[in-house]
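Thanks, everyone, for making time this morning. I would like to walk you through one protein model, going from the overall fold down to a handful of individual residues.

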Amino acid sequence: MLGICFIDKFSIKTLAIVERLGTYYKIFSAVIKTGNQNKRKRMERFEALRQLLSEDRSIRRFEQSRRIGMEILTELVDLTRFCASGRNMQPLRYRIVDSEADCAMVYPLLAWAGYFTDWDGPEDGERPSAYLVQCLDTRYGSNCLCDDGLQLQALTLGARSLGIGACIIKAFNAPELKRILNLPDGIEPRYVLALGYPAEKPIIVDTDGTPDADIRYYRTPDGVHHVPKRPLSEIIL
């Protein structure tokens, strides 16, 4: 009787330990599984960003007849509020140009594709259907530090995610642009972002990896736009 009681007590304790170990194992497995799932999600987000960046090429020919709604343009500008800002001054402002009449006035003031010396820009029917004019509010200083580039990249990535093409333009007639848009004193145009649904699909090609490699973009006879990029081995010192 004593032996049976001893075995019963021993068995009960053993079962309790086994059950506890089983619980610990389930918890440990769940933690490992969750960790693996989180890691996989992080890598999926990273790869999605890489893909978006690789697709975010300058577009210079558009489906001009397809208009971009003011709501979408406003949402794109809203992205810039979440960008980092030097000294957190947030000095940049945007004028949205979306009407056909206003777009027609802006277009002649722009210079397109510096490497294409024999090309004056997209023909009528392939021109942008909207513009975002990035301006500096000089009340906050004459230098926006790195804000302009950060915000332009956010805008082009946001546009690309919606299937909209973009081209960042620095060469333009700033005084005349300011006049036709009736921009107030102290608001100075810095960049023009041309927007529209793409009528071309640029592709990335690798350079030969040498420092003097030709990095000028070009079009092949079939009209495909090629963008040379230096290899990673040349970027990392």
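I will begin with how the model should be read, then turn to the whole chain, and then to single residues.

This is a predicted model, in which local features need pLDDT of at least 70 and side-chain atom pairs count only at pLDDT 80 or more, while totals for chains, interfaces and linings use all residues. Residues are numbered from 1 along each chain as its sequence is written, and side-chain values use heavy atoms, with hydrogens and water left out.

Let me start with the secondary structure, where helices (H or I, at least four residues) and strands (E, at least two) are DSSP runs, numbered from the N terminus. The protein has 6 helices and 7 strands, and in sequence order they give the pattern α-α-β-α-β-α-β-α-β-β-β-β-α. The radius of gyration of the protein is 28 Å, well over the 18 Å that the globule rule gives for 237 residues, so the protein is more spread out than a compact globule; the radius is taken over C-alpha atoms, and the rule is 2.2 Å times the number of residues to the power 0.38. The C-alpha trace spans about 105 × 45 × 40 Å along its principal axes.

As for contacts, meaning heavy atoms within 4.5 Å, residues 24 or more positions apart account for 75% of those with a separation of 6 or more. Buried residues make up 33% of the 237 residues, where buried means under 20% relative accessible area, exposed over 50%, and partly exposed in between (1.4 Å probe, protein chains only). The protein exposes about 15,300 Å², with carbon and sulfur atoms supplying 57% of that area, computed by the Shrake-Rupley method with a 1.4 Å probe.

On charges, counting Lys and Arg as positive and Asp and Glu as negative, without His or the chain ends, there are 32 positive and 31 negative side chains, and the centres of the two sets lie 11 Å apart. Each charge is placed at NZ of Lys, CZ of Arg, CG of Asp or CD of Glu.

Which residues form the aromatic cluster? They are Tyr 115, Phe 116, Trp 119 and Tyr 217. Rings of Phe, Tyr and Trp (its six-membered ring) pair if their centres lie within 6.5 Å, with planes under 30 degrees apart counted as stacked, over 60 as edge-to-face and the rest as tilted. The count by this rule comes to 4 aromatic pairs, and one of them, Phe 116 with Trp 119, is edge-to-face, at 6.1 Å centre to centre and 80 degrees between the planes. Phe 116 is buried, at 12% relative accessibility.

Now for the backbone. Most residues other than glycine have a negative phi. Arg 87, in the loop between α2 (70–79) and β1 (92–97), has a positive phi near 60 degrees, but Arg 87 is exposed, with a relative accessible area of 60%.

Finally, Pro 184 sits in the loop between α5 (174–180) and β4 (187–196) and is partly exposed at 46%; its C-alpha atom is 9.7 Å from that of Asp 137, 47 residues away along the chain.
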